[in-house]
Amino acid sequence: MGAGLVRATSVMPLQQAYSLARVSAPELAIARYRVDGAKSQRDVARGRVMPQVSVFGQWSENRVEYRGGLIPDQRYPGERYGFQASQSLINMSSWMEYDRQKALVGLSEQELKITESQLLGLVAGAYLAVLLSDADLAQFETELEALEQQLKEANALYERSLLPITQVLETQTRADTLRADVIAARGQAAIARESLIALVGTRDIEPMAIAEQVSLDSTAGSAADAAIMAFESSPEVAAAEEGVLAARKSIAREKGSWVPNVDLIVSSQYSDVGFDNLTSPPRTSDSIQISVNYPLFEGGSGSARLRGAWAEFYTAQQQVEAAKRAGETRARSAWVQLQAASERVNAARQAVKTSKTNVDASRKAVKAGTARVTDVLLAMAQNTRAERDLSAARFQRAMGWLELELATGVDPMVLAPRLSNALHRGVSAPPSVQATEEQ
């Protein structure tokens with residue numbers, strides 16, 4: 001097989017992965033198109049209250065036949081052309097619809113912010129999941145390597161009749177089990193990569209390693225502060241409030257439909273044919289009109305539309321309340337989870353130190369004949385578990401910090417570089433990544 005068939009992967013920091021996802025994620029593209037669509041509908045509504053100017057023209061070849069023979073038949077060309085300009089003087093329904101469409105533009109923009117926040121959370125979660133699965137795989141492989149060395153030592157002691165066969169078999173069993181764990185960990189790592197690839201849109205990606213010490217300072221000092229910030233800056237709450245504004249404008253639009261519509265119409269026309277295209281002397285006619293339209297009876301449809309608008313308004317109010325409650329719960333929970341994750345990191349670091357000391361002590365005790373090989377196996381398994389718990393705690397803390405910042409309404413375009421810099425601080429980046437960051 002030629003070396004050219006192997007596709008090179010690019011080591012990317014989190015910020016670059018998020019930038020790629022912003023370009024390729026279908027969900028974000030759909031949200032952007034919805035903003036464009038809302039703006040186009042707003043412009044359409046504005047056009048209805050602006051002056052309307054149109055021109056018209058008609059050229060015809062006419063033939064008139066009179067029955068009875070008293071008047072001779074006629075064949076002649078005809079022309080009729082002119083222009084008409086109109087301006088709405090009073091049209092409350094159209095003006096309120098324009099205001100409603102402006103509110104819907106604000107709603108779509110807030111929904112775009114929500115999508116951007118959700119995308120950052122998904123990318124960061126998938127990115128860290130790849131690193132965590134790689135760390136688990138490395139820890140299993142490290143334990144397996146140490147266990148294979150322990151198995152060699154056990155076989156050597158057994159051959160000299162210094163170790164019973166049962167302990168050798170226990171070591172062999174643990175090694176076989178650990179090989180199965182390594183295979184499962186490789187599968188989990190591959191699955192995690194597929195999730196990241198689906199978000200980023202390219203397979204040529206490899207997450208950059210993160211630093212041992214990650215410093216992340218939260219903008220919220222307490223759970224209460226986080227809840228207040230969520231009320232003030234959460235895009236979910238802002239989107240719900242825009243929905244209330246749009247619903248209120250819908251009510252005003254339906255009420256405005258009961259106000260008379262008054263239009264000013266100015267027209268000018270040249271024609272040399274008359275009614276039914278009969279020949280007529282050439283003439284120019286100009287007119288200025290005031291048109292008044294008022295609905296007297298619509299079969300109850302007007303009051304039904306108004307009831308529907310009120311129902312939408314009450315629904316939007318409840319959605320604001322639901323968004324506030326959900327935002328408060330999310331912010332408070334994120335703050336508590338971040339504190340718990342920080343304490344878990346400290347506890348996991350101490351557990352790793354203790355487990356490593358236990359492994360060394362167990363090995364020395366076996367060589368001295370005061371312990372069984374099983375004690376070493378248990379100590380090694382505990383060390384692997386402690387290492388995995390530490391990795392999980394570190395990644396959980398990073399995700400907890402990100403969740404808290406997103407819940408309090410921090411812009412994801414600000415969060416992405418902050419989190420990326422904190423994760424990769426002190427980790428050397430490949431030249432290609434450095435060049436990208438400089439640009």
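Predicted model: local features only at pLDDT ≥ 70, side-chain atom pairs only at ≥ 80, totals over all residues.
In one of them, the side chains of Glu 97 and Arg 253 meet at 2.7 Å, N to O. Glu 97 belongs to helix H3 and Arg 253 to helix H6, which covers residues 235-256, so this pair links distant parts of the chain that are 156 residues apart. Both Glu 97 and Arg 253 are buried.

In the other, Glu 254 forms a salt bridge with Arg 305, and their closest N and O atoms are 3.1 Å apart. Because Glu 254 lies in helix H6 and Arg 305 in helix H7, residues 301-368, this pair ties together parts that are 51 residues apart in sequence. Glu 254 has 8% relative accessibility and therefore counts as buried, whereas Arg 305, at 35%, counts as partly exposed.

Another salt bridge joins Arg 193 to Asp 134, at 2.8 Å from N to O. Here Arg 193 is in helix H4 and Asp 134 in helix H3, so parts of the chain 59 residues apart in sequence are tied together. Arg 193 is partly exposed at 22% relative accessibility, and Asp 134 is partly exposed too, with a relative accessible area of 23%. The count of salt bridges comes to 21.

Now let us turn from the helices to the sheet. How many strands does the open sheet have, and in what order do they stand? There are 4 strands, in the order E2-E3-E5-E6, with antiparallel pairing. Strand E2, residues 52-64, and strand E6 stand at the edges with a single partner strand each, so one side of each is left without a neighbour in the sheet. From one strand to the next, the twist averages 15 degrees.

If we walk across the sheet, E2 and E3 pair over 13 bridges, and Trp 59 stands opposite Glu 79 in E3. E3 is then joined to strand E5, residues 261-273, by 10 bridges, where Ala 85 has Val 266 of E5 as its bridge partner. Finally, E5 and E6 pair over 12 bridges, with Ile 265 opposite Gln 289 in E6. These two strands, E5 and E6, form a hairpin with 5 residues between them, and Asp 276 in the turn has a positive phi of about 60 degrees.

Is Ile 290 buried or exposed? Its relative accessible area is 54%, and because exposed means over 50%, Ile 290 counts as exposed.

The buried residues of H2 are Leu 28, Ala 31, Val 35, Ala 38, Ala 45 and Val 49. In an α-helix there are 3.6 residues a turn, so residues three or four places apart point the same way.

Terms used: Residues numbered from 1 in each chain as written. Heavy atoms only, no water. Buried < 20%, exposed > 50% of the residue type's maximum accessible area, 1.4 Å probe, protein only. Pairing = 2+ DSSP bridges. Axes fitted to C-alpha atoms, helices over the stretch in contact; angles between N-to-C directions. Salt bridge = Lys/Arg side-chain N within 4 Å of Asp/Glu carboxyl O.
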